[in-house]
Amino acid sequence: MANGRSIRHTAMLSSDASSGSEFFIGASSSLTALLRDAARVAPTDATVVITGESGTGKSLLARWIHEHSRRAVGPFVVIDCGALPESLLEAELFGFERGAFTGAATAKAGRFEGAQQGTLVLDEVAALSLAAQAKLLRALEERRVMRLGGTRAVTLDVRFVAVTNTDLAAAVKRQAFRADLFHRLNTIALEVPPLRARPGDIAPLARHFVTRAAQRNGLPCPKLAPETLAFLEQYDFPGNARELMHAMDYATLTAAGAVIYREHLPARMTAATALMQHPTRKPTLAELEAAYIREILQQVAWRKVEAARILGISRKNLYEKLRAYGIPYRPPSQDANGDASP
Ligand SMILES: Nc1ncnc2c1ncn2[C@@H]1O[C@H](COP(=O)(O)OP(=O)(O)OP(=O)(O)O)[C@@H](O)[C@H]1O
Ligand SMILES: [Mg+2]
């Protein structure tokens, strides 16, 4: 998967590493197309809405757009709309003048003003109440805001990016989201596809996350065994890139600089029960058996006699199954010779 094309693509479309920003990794045609669209709109001031499941990379894309815009030197302000209590929202967004309400001892600029000449990200915009949506719409349309208790409107020079993992059109139908705000935001919509829909991104992303985890922990960078990549490429990733990142952080630590085998992945990904819960792809009996044997081996620290007893088979039979399924005879973490084959 780490072919020349994906590397070139990454280098071309990723943010500048020297600025400390993160790389946007991807080799699949859908991610390439998405970044091409993003690159087209980034330099403009158009309002963009980014949709996609949780953990797909929406927040990263919002930052990428900022960094590839003429506002890159300006502020990048993220408002987590879901985390702001309704009572604080207005003061937070619009700011207030001294004495605007009890407790307003000094004047304070709002987040809108704080984003002047920069980009303002409205994260989880669907969490805003209908009343807050109305205020946001007015700010978007007039491009002016007034602090609470203020008398002077401030003209906004801000680029808006709205982010949501809620289907906004469906929320409009449910009357949970204002139709006029939806149309105002939805001029340019970028959808980040779920990771399972772009398996070509899994290997380059996994390598990227492993390299980063090893660097951060001062470990030599482990290799990913082919069996591990094969497993990851067929895995469903309900948590998308974030789940892959956490799995690679975990595996990098458990493999401690050697080779990352399937055994180093979090058990909740590889367990037989996890395979059975795959929403679209039902495991075969052999896959289930192999996963269960691995699970038991892990539980008993690879003591074969104990594993055979739990599995209700002879030791000889267990060895036959290990051979048949390509399961290592020893715990892979002891295998520190850098050989990526089990
Ligand atoms: N293509 C990618 N390249 C590199 N890192 C990625 C990529 N996609 C996602 N990540 C990383 O995965 C993690 C999750 O991504 P992000 O926070 O952008 O997801 P999200 O869609 O905003 O999730 P949520 O809906 O939960 O807010 C982040 O640490 C991000 O840097
Ligand atoms: Mg996010």
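Ligand 1 sits in the largest pocket of this predicted model. Here a pocket is an open set of points on a 1 Å grid over the protein atoms alone, where a 1.4 Å probe fits and protein lies on both sides within 12 Å along at least five of seven lines; sitting in a pocket requires more than half of the molecule's atoms within 2 Å of its grid points. Local features need pLDDT of at least 70 and side-chain atom pairs pLDDT 80 or more, while totals for chains, interfaces and linings use all residues. Residues are numbered from 1 along each chain, ligands from 1 in the order written, and side-chain values use heavy atoms, without hydrogens and water.

Around ligand 1 there are 18 residues, the closest being Ile25, Ser54, Gly55, Lys58 and Ser59 (a heavy atom within 4 Å counts as near). This shell comprises 8 nonpolar, 6 polar and 4 charged residues, with Gly counted as polar. Both domain 1 (4-193) and domain 2 (197-334) contribute at least three residues to the shell, with bounds from an automatic or database assignment.

Turning to polar contacts (N or O pairs within 3.5 Å), a polar side-chain atom of Ser54 lies 2.7 Å from an oxygen atom of ligand 1. Polar backbone atoms also approach ligand oxygen atoms, at 2.8 Å for Gly55 and 3.1 Å for Gly57. Of the 630 Å² that ligand 1 exposes when taken alone, the protein buries 87% (Shrake-Rupley method, 1.4 Å probe).

Key: A polar contact is a pair of N or O atoms within 3.5 Å; within protein, one must be able to donate a hydrogen and the other to accept it, and residues adjacent in sequence count only if both atoms are side-chain atoms. On a 1 Å grid over the protein atoms alone, a cavity is a set of points where a 1.4 Å probe fits but cannot get out, and a pocket is an open set with protein on both sides within 12 Å along at least five of seven lines; lining residues have an atom within 4 Å of a point.
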